[in-house]
Amino acid sequence: MAETSPSRVVITVLGKNRPGIVAGVTCVLSEASVDIRDITQSIIEDIFTMTLIADVSASTLGFSELQEALSAKGDELGVTVEMQREDVFQFMYRL
């Protein structure tokens, strides 16, 4: 298993595809000085999914504040946006 950092988070986005989802979510991250380290997205029929790994060590928002900002943007875009610490994510999904 790859080494994790306490400053890294996993962000997932799920919902009906529409223009502006990637731009909306990444804009929130950019405004908070969050560094996107990896990103993948796919569309299956009309279902949009995106997963990001990001470094929040320089973020201008605290963890909870960033979660709230992403959730609010998700509500605005009609998608679900969830964020959790990478180490928690790795622990939850270990084999």
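Is Asp 35 buried, partly exposed or exposed? Asp 35 counts as partly exposed, at 40% relative accessibility. The points below concern a predicted model.

1. The sheet. Four strands make up an open sheet, ordered β2-β3-β1-β4, with antiparallel pairing.

2. Pairing of β1 and β3. Strand β1 covers residues 8-16 and is joined to β3 by nine bridges, the two running antiparallel. Thr 12 has Thr 51 in β3 as its bridge partner.

3. The helices. Helix α1 (residues 21-31) lies across β1, β2, β3 and β4, and runs at about 20 degrees to β3. Helix α2 also packs on the sheet, where it touches β1 and β4; its direction makes about 165 degrees with that of β4.

4. In soluble globular proteins, nonpolar side chains tend to be buried together. Here the largest nonpolar core has 20 residues, and those touching the most other members are Ile 11, Val 13, Val 25, Leu 29, Leu 66 and Leu 70. At least two residues of this core come from each of β1, α1, β3, α2 and β4. With neighbours within four places in sequence left aside, the contacts of Leu 66 include Val 28, Leu 29, Val 56 and Met 83.

5. Ser 59. This residue sits in the loop between β3 (47-55) and α2 (63-77). Ser 59 counts as buried because its relative accessibility is 17%, under the 20% limit. Its side chain reaches the backbone oxygen of Ala 32 at 3.3 Å. Beyond neighbours within four places in sequence, Ser 59 is in contact with Ala 32, Ser 33, Val 34 and Leu 66.

6. Lys 16 and Asp 46. The count of salt bridges comes to four. One of them joins the side chains of Lys 16 and Asp 46, at 2.3 Å from N to O. The pair links distant parts of the chain, 30 residues apart: Lys 16 is in strand β1 and Asp 46 in the loop between β2 and β3. Lys 16 is exposed at 54% relative accessibility, whereas Asp 46 is partly exposed at 32%.

7. Arg 37 forms a salt bridge with Asp 35, with the closest N and O atoms 3.0 Å apart. Arg 37 also forms a salt bridge with Asp 55, where the closest N and O atoms are 4.0 Å apart. Asp 55 lies in strand β3 and Arg 37 in strand β2, so this pair ties together parts 18 residues apart in sequence. Asp 55 is buried, at 16% relative accessible area, while Arg 37 is partly exposed at 48%. Through shared partners, salt bridges join Asp 35, Arg 37 and Asp 55 into one network.

Conventions
Residues numbered from 1 in each chain as written. Predicted model: local features only at pLDDT ≥ 70, side-chain atom pairs only at ≥ 80, totals over all residues. Heavy atoms only, no water. Buried < 20%, exposed > 50% of the residue type's maximum accessible area, 1.4 Å probe, protein only. Polar contact = N/O pair within 3.5 Å; in protein donor to acceptor, adjacent residues only side chain to side chain. Contact = heavy atoms within 4.5 Å. Pairing = 2+ DSSP bridges. Axes fitted to C-alpha atoms, helices over the stretch in contact; angles between N-to-C directions. Core = buried A, V, L, I, M, F, W, Y, C linked by side-chain atoms within 4.5 Å.
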